[in-house]
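Me: Could you walk me through this one with me? I'd like to go region by region.

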Amino acid sequence: MSILRRDFGAMPDGSPVYEYELENRSGLKVSILTLGATLRSIVIKDKTGVERDLLLGFDTVEDYLTRHDYQGVIVGPVANRIAKGELPIGTKTYELVKNEKDKLCLHSNAEYNTANWRALIADADRIEFSYVHPDGANGFPGEIRNTVSYTLTDDGELKIAYHAVSDRDTYLNLTNHAYFNLNGYDGGDVLGHIVRIDSDAITEVDPDSIPTGRLYPVEGTPFDFRAEKPIGRDVNADDPQLLIGGGYDHNFCLRENPDRACREVARVRSAETGINMQVFTDLPGVQFYIGNFLHGQPGKENVPMIKRAGLCLETQFYPDTPHRPEFPSCLFKKGQPFDSETIYRFSVDKENETE
Ligand code: GLA
């Protein structure tokens with residue numbers, strides 16, 4: 001295992017942005033920026049030995065600050081949408097920044113991903129990033145101390161461990177918003193990728209992608225990924241929920257997990273490259289988003305990020321949990337830590353195994 005540090009430019013205030021690279025014994029390389037604690041690249045040799053970088057992203061700080069659709073970043077303190085931009089806690093309602101349609105708060109107004117995090121090489125295979133959310137930023141209460149660590153193992157696991165603690169009661173729901181393309185960031189769209197998600201229902205949404213409170217069973221719908229299938233198979237089906245997201249952009253409810261085990265919940269593979277990715281989490285949900293809003297903005301090496309050039313599996317508590325007491329709660333008391341782990345595990349099928 002080795003860890004390198006490179007300069008990646010500077011923030012508008014002049015503070016340096018660094019890129020750290022972890023490499024394991026089989027040559028799997030992962031890099032992370034201090035800006036947004038952003039997972040910037042995952043480079044792996046495919047079934048024919050060609051190196052592929054599986055992550056959409058950018059080459060400059062400026063692009064990560066201005067052109068982004070949250071590529072690879074840590075989102076917080078509360079990922080996904082909050083209705084009306086209002087955060088009710090006890091007898092108080094906090095007014096949040098309404099950064100979507102002037103009426104709801106999406107991804108906490110990009111706060112965590114536009115901050116330059118502090119990095120610490122915590123171990124031979126682990127880097128830890130920290131950031132303090134100032135009380136009241138974007139309307140969210142509490143001074144919140146966050147650490148997110150990335151560990152790369154020799155058997156191809158990239159573990160993301162989240163820790164956050166607030167000095168006031170507040171909602172916490174951190175995630176990583178990586179866009180994966182198992183054919184490489186320049187590999188076209190992901191409609192041919194084969195996906196399995198261990199979920200029996202999604203959270204039904206209204207036209208603003210806010211949960212209605214009802215669950216929508218996947219049985220007999222395009223959302224049924226319990227047996228693996230290519231993303232493109234049903235993506236244009238005439239389903240009212242699918243039309244709302246313009247394609248998959250929904251929270252899949254994961255199965256009961258009373259012991260909060262970090263269990264496998266999804267798997268993706270590409271027959272073209274033989275690359276597989278398994279997803280493990282201890283959280284109750286995962287937002288499966290297939291880049292419907294990407295529109296050709298230039299990414300790494302100026303390769304346009306075309307519609308559906310990447311897929312996200314954002315492990316999380318359900319969207320709009322603050323307004324839905326029936327959902328698993330992510331209200332954390334003052335001093336009560338949010339601790340969670342998500343693992344993306346990469347492997348490659350040899351040529352003759354993928355036929
Ligand atoms: C999320 C949302 C999408 C979209 C992207 C960012 O994951 O669910 O609707 O807003 O972020 O473009």
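**Contacts of a loop glycine**

Reply: Leaving aside residues up to four places away in sequence, G184 touches R52, D53 and L54, where contact means heavy atoms within 4.5 Å. This is a predicted model, in which local features need pLDDT of at least 70 and side-chain atom pairs count only at pLDDT 80 or more, while totals for chains, interfaces and linings use all residues. Residues are numbered from 1 along each chain as its sequence is written, and side-chain values use heavy atoms, with hydrogens and water left out.

Me: Where does G184 lie, and is it buried or exposed?

Reply: G184 lies in the loop between β16 (175–176) and β17 (194–197), strands being DSSP runs of E with at least two residues, numbered from the N terminus. G184 is buried, with a relative accessible area of 1%; buried means under 20%, exposed over 50% and partly exposed in between, using a 1.4 Å probe and protein chains only.

Me: Switching to the ligand, which residues are around it?

Reply: The residues around the ligand are D69, Y70, R81, L106, H107, H177, Y179, D249, Q287, Y289, F293 and E314, each having a heavy atom within 4 Å of it. This shell divides into 5 nonpolar, 3 polar and 4 charged residues, where Ala, Val, Leu, Ile, Met, Phe, Trp, Tyr, Cys and Pro count as nonpolar, Asp, Glu, Lys and Arg as charged, and the others, Gly among them, as polar.

Me: What is the distance from the D249 side chain to a ligand oxygen?

Reply: An N or O atom in the side chain of D249 is 2.4 Å from an oxygen atom of the ligand, and for H177 the corresponding distance is 2.9 Å. A polar side-chain atom of D69 lies 3.1 Å from a ligand oxygen.

Me: How much of the ligand's accessible area does the protein cover?

Reply: The protein covers 97% of the 300 Å² of accessible area that the ligand has on its own, with areas from the Shrake-Rupley method and a 1.4 Å probe.

Me: Backbone next: what is the phi of S108?

Reply: S108 has a positive phi of about 55 degrees although it is not a glycine, and S108 is buried, with a relative accessible area of 0%. K84 also has a positive phi, of about 60 degrees, but K84 is partly exposed at 48%.

Me: And which peptide bond is cis?

Reply: The bond from G76 to P77 is cis, with omega near 5 degrees. For context, most peptide bonds are trans.

Definitions and conventions: Polar contact = N/O pair within 3.5 Å; in protein donor to acceptor, adjacent residues only side chain to side chain. Helix = DSSP H or I, 4+ residues; strand = E, 2+ residues; numbered from the N terminus.
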